[in-house]
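I opened this entry to keep a record of what I looked up, starting with the chain as a whole and then moving to single elements and residues.

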Amino acid sequence: MLFRSIFESATRHHIPVDIFAAMAVHESGLNPFAIGKYSEKGIFQLHPKGPGRGIQFVRDDVYWERCKRLDSACQKQVIDRAAKELERGLLRCRTLKKALGYYNTGKCDGDAVYVKRILYQRKRLIPQYQVAAAEVLGR
C-alpha cells in the first residue's frame with residue numbers, strides 16, 4: 001500500500017520513483033509512525049512548522065493515534081506533500097541532486113551529506129524497487 005502511494009505521487013509530481021522511495025527509507029525506515037528529534041512525523045519525516053504544516057497526520061496527535069489502526073497509516077497526504085516539495089526543489093534548483101539538498105535544507109546544495117545518503121539508499125534498494133514496481137504496474 002505505501003509503495004503504491006509512493007509510486008503514484010512520484011509519477012504525478014514528475015520525480016524519479018526510485019529516488020523518492022530511497023528518501024522514504026532514509027527518512028523513516030518506511031515506518032509511518034517514526035517521530036524525529038525535531039517533531040518530524042510520517043514516512044517522509046515532515047516538520048510541523050515546515051512542509052508538514054497543514055498536514056493533519058503531522059499536526060494532530062489524536063488523528064495520528066487513530067491512524068495506527070488503519071492499513072494506509074494515513075500517509076497519502078504525507079507522501080503527496082513530500083513529492084510536491086521535491087518537485088518544487090527540482091523546479092527551483094534544476095538538478096535532482098540540488099533538489100534533494102533543497103528538500104533537506106532549503107538550499108540548492110547537491111553536495112550535501114543528505115544527497116549522498118539518498119543516492120546510497122537508492123543503489124542499495126534497486127533490486128527490491130524493481131520487484132515492487134513490477135507488482136504495482138501489474139507485470
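I began with the contacts (heavy atoms within 4.5 Å): of those in the protein chain with a separation of 6 or more, 48% are between residues 24 or more positions apart. I note that this is a predicted model, in which local features need pLDDT of at least 70 and side-chain atom pairs count only at pLDDT 80 or more, while totals for chains, interfaces and linings use all residues. Residues are numbered from 1 along each chain as its sequence is written, and side-chain values use heavy atoms, with hydrogens and water left out.

Next I looked up the elements, taken as DSSP runs numbered from the N terminus (helices H or I of at least four residues, strands E of at least two), and found 7 helices and 0 strands in the protein chain. The radius of gyration, taken over C-alpha atoms, is 14 Å, close to the 14 Å that the globule rule gives for 139 residues, so the chain is as compact as a globular protein of that length; the rule is 2.2 Å times the number of residues to the power 0.38. Along the principal axes, the C-alpha atoms fill a box of roughly 40 × 40 × 25 Å.

I then checked burial (buried is under 20% relative accessible area, exposed over 50%, partly exposed in between, with a 1.4 Å probe and protein chains only), and buried residues make up 46% of the 139. In helix 1 (residues 2–12), the buried residues include Phe3, Ile6 and Phe7, and after this helix comes His14, with a positive phi near 60°.

Val78 lies in helix 5, and I list Val78 as buried because its relative accessibility is 0%. Beyond its neighbours within four places in sequence, Val78 is in contact with residues including Lys41, Phe44, Leu46 and Phe57; the C-alpha atoms of Val78 and Leu46, 32 residues apart along the chain, are 7.3 Å from each other.

How do helix 5 and helix 6 pack? Helix 5 (residues 76–93) and helix 6 (residues 96–105) pack at an angle of about 125°, their axes 8 Å apart, which makes helix 5 oblique to helix 6; angles under 35 degrees count as roughly parallel, over 145 as roughly antiparallel, 65 to 115 as roughly perpendicular and the rest as oblique. Among the residues that meet, I noted Leu86 and Leu90 in helix 5 and Leu100 and Tyr103 in helix 6. The residues of this contact divide into 9 nonpolar, 1 polar and 4 charged, where Ala, Val, Leu, Ile, Met, Phe, Trp, Tyr, Cys and Pro count as nonpolar, Asp, Glu, Lys and Arg as charged, and the others, Gly among them, as polar.

How values were computed. Axes are lines fitted to C-alpha atoms, for helices over the stretch in contact, and angles run from 0 to 180 degrees between N-to-C directions.
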